[in-house]
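Student: I have a chain open on my screen and would like to talk through its build. Could we go step by step?

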Amino acid sequence: MNPYQQGQSPYPRQQYLHNIGFSNSAPQSFGNPMPMSGFPTMGYPAPQSGYPNTQPGYPQSGGYPQSTSGFPSSQPYPQPSQGYPQPNTAQGYPSAGYPQTAQSGYPQPAQSGYPAQSAYAQPGSYPQPSQPHHQSSQYQGYPPHGHTPVQSQQLYSVSSGHVPDTPKSKPTVVPVNPFDPREDAAVLRKAMKGFGTDEKAIIQVLTRRSNEQRLRIAFEFKTLYGKDLISDLKSETSGKFEDLIVALMTPLPQFYAKELHDATSGIGTDEDVLIEVMCTMSNHEIQVIKQAYTAMYGNFLEDDLRGDTSGNFKRLMTSLCMGNRSEEFHVDQEKAREDARSLLQAGELRLGTDESVFNAVLCSRSFPQLAAIFQEYHFLTGHDIDDAIKAEFSGDLEKALRAIVKVVRNKPLFFGERLHKSMKGLGTNDRQLIRIMVTRCEVDLGDISDMFQNKYGETLASWIEGDCSGHYKKCLLGLLGLY
């Protein structure tokens with residue numbers, strides 16, 4: 001189906017969730033609030049029935065929503081039965097995501113002097129994801145063996161047992177507070193104006209702001225100076241330093257979408273990128289990436305993955321692309337034993353391997369449940385599930401299944417091993433290095449650095465210093481909080 005056939009019989013229209021990030025615990029990334037080179041601007045949804053007709057791509061005439069709370073409404077779209085939405089004055093939130101106007105009909109400006117659009121969080125506050133898409137800790141990395149997030153007590157029903165606390169992840173880049181995007185825009189303008197470039201000022205501003213704050217700086221930069229910040233940065237930088245700066249200025253869903261597109265386009269396929277992204281994302285993150293991918297390239301991510309892969313690896317990528325993994329935090333021990341026996345019978349106890357059983361279990365069970373399954377498998381066989389996968393599978397399918405096992409047990413260690421692989425030996429896989437540093441710095445890069453040192457006996461910073469050079473090296477160290 002062509003994406004532009006949506007809404008035509010027999011193709012149902014798929015909702016595109018614009019200007020949303022991944023989750024409340026993940027770095028906030030709000031689509032693309034300003035025109036950026038190579039990326040489309042995320043527009044507004046089509047007007048719903050029962051509301052005044054407006055031109056698509058423009059906000060409703062009611063002005064901007066009031067910024068009394070800094071949080072969007074928990075329900076993204078109201079029911080159109082009453083015509084115009086009624087403001088929920090009791091709660092102090094804008095009604096259902098639509099603009100709230102004052103009695104005089106003029107929009108109310110935010111206290112900070114900037115439009116209080118839902119696409120931009122107020123300094124010091126971060127939007128909560130809408131109810132259908134909440135992910136409490138999937139993006140933070142999964143604890144090894146037995147730890148289950150305490151937030152499950154609020155989101156899911158836990159039938160029995162105490163839910164232990166989850167160790168908090170250690171990001172190396174956190175949102176700065178207080179935050180003045182116009183002041184930062186002025187600093188960047190001064191750093192690039194005239195003869196020469198002050199790379200130190202650029203690095204210190206961009207590596208000490210969150211992804212969402214960088215987008216606001218770019219928005220204010222264009223407002224103040226009438227120039228695109230990314231274009232100016234690209235003209236003042238070069239090489240790998242330029243690639244890193246552009247990655248920092250790209251909203252995370254669009255960044256992941258571009259990485260997947262580049263991995264599947266052209267001659268050959270970079271399966272390592274597909275495995276790294278598809279095997280580590282939560283359901284909500286996969287859905288947002290799919291939407292960004294379709295908006296940017298006009299194709300469905302699933303179609304491009306299926307067209308560029310083959311065999312059982314294609315089936316695995318298709319299953320992961322559905323973003324339909326169970327996210328129950330409760331562990332059913334009896335079900336874990338049953339699944340462990342099924343994996344044993346599909347692999348070691350038969351001639352050949354029934355790949356579909358491994359595909360079904362590893363792509364649909366929740367991560368805490370998978371940890372219990374792997375433990376039961378060890379009890380049944382006396383050896384690890386990872387050893388069984390190495391013996392039963394080969395090629396890209398083996399890499400993908402083993403990646404899921406590693407992510408279930410210790411996600412920071414998984415990324416630490418990939419960072420080590422990107423820098424060991426002759427040459428550096430700069431694209432992989434940039435991708436992991438940029439996407440994990442607001443999540444768990446501190447944990448990744450600790451795991452790197454525990455496993456290899458040297459610090460991640462020392463490897464970066466020995467493998468990279470110039471402003472590229474300084475910017476990477478800045479993301480570690482060391483510059």
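Student: Gladly starting with the big picture: how many helices and strands are there in the chain?
Tutor: Keep in mind that this is a predicted model. The chain has 483 residues, of which 48% are buried. Among contacts with a separation of 6 or more, 72% join residues 24 or more positions apart. As for secondary structure, the count is 21 helices and zero strands.

Student: Which residues of α4 make the contact with α2, and how do the residues of the contact divide by class?
Tutor: The crossing of α2 and α4 is right-handed. From α2 come Pro181, Arg182, Asp184, Ala185, Ala186, Leu188, Arg189 and Met192, and they meet Arg216, Ile217, Glu220, Phe221, Thr223, Leu224 and Tyr225 of α4. By class, the contact of α2 with α4 has nine nonpolar, one polar and five charged residues.

Student: What is the omega of the cis peptide bond that joins Asn177 and Pro178?
Tutor: To place it first, Pro178 sits in the loop between α1 (152–155) and α2 (181–192). The bond from Asn177 to Pro178 is cis, with omega at about 5 degrees.

Student: Are α10 and α11 roughly parallel or roughly antiparallel to each other?
Tutor: Helix α10 (residues 301–308) packs on helix α11 (residues 311–321) at an angle of about 170 degrees, and their axes are 9 Å apart. Angles over 145 degrees count as roughly antiparallel. The pair α10 and α11 is therefore roughly antiparallel.

Student: How many charged residues does the contact of α10 with α11 have?
Tutor: On the α10 side, the contact is made by Leu301, Glu302, Leu305 and Arg306, while α11 brings Lys314, Met317, Thr318 and Cys321. Sorted by class, the contact of α10 with α11 has four nonpolar residues, one polar residue and, to finish with the class you asked for, three charged.

Student: Is α18 roughly parallel or roughly antiparallel to α21?
Tutor: The axes of helix α18 (residues 430–440) and helix α21 (residues 470–479) come within 10 Å and cross at roughly 30 degrees. Since angles under 35 degrees count as roughly parallel, α18 and α21 are roughly parallel.

Student: How do the residues of the contact of α18 with α21 divide by class?
Tutor: The crossing of α18 and α21 is left-handed. Asp430, Leu433, Ile434, Met437 and Val438 of α18 make the contact with Tyr472, Leu476 and Leu479 of α21. The contact of α18 with α21 divides into seven nonpolar, no polar and one charged.

Student: Now the cysteines. How many disulfides does the count come to?
Tutor: A disulfide needs two cysteine sulfur atoms within 2.5 Å. For Cys279, the closest cysteine sulfur is in Cys363 at 7.6 Å, which is too far for a bond. For Cys475, the closest is in Cys441 at 9.8 Å, again too far for a bond. The count of disulfides comes to zero.

Student: What is the relative accessible area of Cys475?
Tutor: Buried means under 20% relative accessible area. Cys279, at 2% relative accessibility, counts as buried. Cys475 is buried as well, and its relative accessible area is 0%.

Student: Leaving aside neighbours within four places in sequence, which residues is His420 in contact with?
Tutor: His420 is part of helix α17 (residues 411–423). With a relative accessibility of 13%, His420 counts as buried. Beyond its sequence neighbours within four places, His420 is in contact with Phe452, Tyr456 and Trp463.

Student: How far apart in space are Val405 and Ile385, C-alpha to C-alpha?
Tutor: Val405 belongs to helix α16 (residues 395–409) and is buried at a relative accessible area of 1%. Sequence neighbours within four places aside, Val405 is in contact with Phe374, Ile385 and Ile389. Val405 and Ile385 are 20 residues apart in sequence, and their C-alpha to C-alpha separation is 8.1 Å.

Student: Finally, which residues does Lys335 touch, not counting those up to four places away in sequence?
Tutor: Lys335 lies in helix α12 (residues 333–346) and is partly exposed, with a relative accessible area of 31%. Lys335 and Gln369 are 34 residues apart in sequence, yet 8.7 Å apart in space, C-alpha to C-alpha. Not counting residues up to four places away, Lys335 touches Arg365 and Gln369.

Key: Residues are numbered from 1 along each chain as its sequence is written. This is a predicted model: local features need pLDDT of at least 70, side-chain atom pairs count only at pLDDT 80 or more; totals for chains, interfaces and linings use all residues. Side-chain values use heavy atoms; hydrogens and water are left out. Buried means under 20% relative accessible area, exposed over 50%, partly exposed in between (1.4 Å probe, protein chains only). Axes are lines fitted to C-alpha atoms, for helices over the stretch in contact, and angles run from 0 to 180 degrees between N-to-C directions. Helices (H or I, at least four residues) and strands (E, at least two) are DSSP runs, numbered from the N terminus. Angles under 35 degrees count as roughly parallel, over 145 as roughly antiparallel, 65 to 115 as roughly perpendicular and the rest as oblique. Contact means heavy atoms within 4.5 Å. Ala, Val, Leu, Ile, Met, Phe, Trp, Tyr, Cys and Pro count as nonpolar, Asp, Glu, Lys and Arg as charged, and the others, Gly among them, as polar. A crossing is left-handed if the near helix is turned anticlockwise from the far one by less than a right angle, and right-handed if clockwise.
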